[in-house]
Amino acid sequence: MMLSSPYATDPSYGGSKDPCWVDVDSSPGAPRVKPEADEIYQKSQGSIGRLLQLQGEPVYRPPSRQKPKPKDFTQDNVRRMRHIQTMNRRKKNADEKEARQPVKVLPQSVKYKEVTSKVAEHVKQPAPQPRPASANFLRSHSRTGGTPKVRGRSPSPAPRPQTAPETKIEKDANFIAHNARLARNHQPPRPPSAMAAESMKIKQIKDMQTYQKGSVPNYLKGRQQQWKRAEEERIRNIPDPDMPPGHKMMPKEERLKTLAVLKDKLIELQKELHKLPLKAETIRAKTREAEVNSQLAEVEEAIKILSRSKVFVQVDS
């Protein structure tokens, strides 16, 4: 038989008219527990039941913290003391061993073998005896014979003689009057700016007194020389109107030097030409005469060009 709902209705719930539950005992007072439930309850006492039967004690007990036991540093201290003693003993033995070793003598030159040491001579000399006059030197109140009762500045300061036998101190000095005189003649300190201005003014006055009137200062002379050099450089760099484009003017010194060399070359060629025979019959003599005449023509043309006041040389591009 098909059910009219997805889940069957509890038979203990009243008012059920479903025909599928007609044969079921629907008395509300009867318990709905199976007989094997008691057996299951008895068997489960060993695990969860024991936890549920605890009374007056919490189920969770926090772990108790145990206090750390105090460490005994006796062994560590003894071990440290023995280590220190061992190290000190080793150091002492090393120092004694080093002290027993002989000192190495430095190599001495044979040249200075017979020279005596000045330090040794100074050490062998006896110590000088103390002078009786210097027994009380720089000792407090050695000149006055005792401790003075009054110490202070004299109301009437005066230059102390260098060879004074003893110091005289006025015991009944009127310090009030002395301080009044000092306060009356006291001048307050001047500020640094005023002192600097005064020193500058004094310097200007001294410069004006030592100034030589009518003479040109050195800085102006240097400036005039600088202007003169700049003008000469400007004139030297002005292009010549007669100079063709792509050329430059040969310096005068170089031109004169080259002209002197060409003149010497001309004299040498003329001498060589005079040594040749008047009538050349061989091919070699004719060839040499033609070469000398060609060189003479070139040198004469170069001398003619370099004899001018202006010579322009083409600039290599």
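Where do Glu291 and Arg288 lie, and how many residues apart are they? Both are found in helix H9, which covers residues 283–306, and they are three residues apart, about one turn of the helix.

## Overall architecture

The model described here is predicted. The chain contains nine helices and two strands, and their order along the sequence follows the pattern α-α-α-α-α-α-α-β-α-α-β.

Of the 317 residues in the chain, 7% are buried. The accessible surface of the chain amounts to about 31300 Å², and carbon and sulfur atoms contribute 56% of that area. Among the contacts in the chain with a separation of 6 or more, 55% are between residues 24 or more positions apart.

Five salt bridges are found when the whole structure is searched. One of them joins the side chains of Asp76 and Arg79, with an N to O distance of 3.0 Å. These two residues belong to helix H3 (residues 74–100), and because they are three residues apart in that helix, about one helical turn separates them. Asp76 has a relative accessibility of 31% and therefore counts as partly exposed, whereas Arg79, at 51% relative accessibility, counts as exposed; the cut-off for the exposed class is over 50%.

In helix H7 (residues 218–237), Arg234 and Glu231 are likewise three residues apart, so that about one helical turn lies between them. Their side chains meet in a salt bridge with an N to O distance of 2.4 Å. Arg234 has a relative accessible area of 45% and is partly exposed, and Glu231 is also partly exposed, at 36% relative accessibility.

The side chains of Glu291 and Arg288 form a salt bridge with an N to O distance of 3.2 Å. Glu291 counts as partly exposed at 38% relative accessibility, and Arg288 falls in the partly exposed class as well, at 29% relative accessibility.

When its neighbours within four places in sequence are left aside, Leu306 is in contact with Met250, Arg255, Thr258, Leu259, Leu262 and Val311.

## A nonpolar surface patch

Which residues form a nonpolar patch on the surface? The patch is made up of Val216, Tyr219 and Leu220, which together have about 290 Å² of accessible area. Tyr219 lies in helix H7, the helix that also holds Arg234 and Glu231. At 61% relative accessibility, Tyr219 counts as exposed, since the exposed class begins over 50%.

Key:
Residues numbered from 1 in each chain as written. Predicted model: local features only at pLDDT ≥ 70, side-chain atom pairs only at ≥ 80, totals over all residues. Heavy atoms only, no water. Helix = DSSP H or I, 4+ residues; strand = E, 2+ residues; numbered from the N terminus. Buried < 20%, exposed > 50% of the residue type's maximum accessible area, 1.4 Å probe, protein only. Contact = heavy atoms within 4.5 Å. Areas by Shrake-Rupley, 256 points an atom, 1.4 Å probe, with all protein chains shown as cover. Salt bridge = Lys/Arg side-chain N within 4 Å of Asp/Glu carboxyl O. Patch = residues over 30% accessible without salt bridge, like charges linked within 9 Å, V, L, I, M, F, W, Y side chains within 5 Å.
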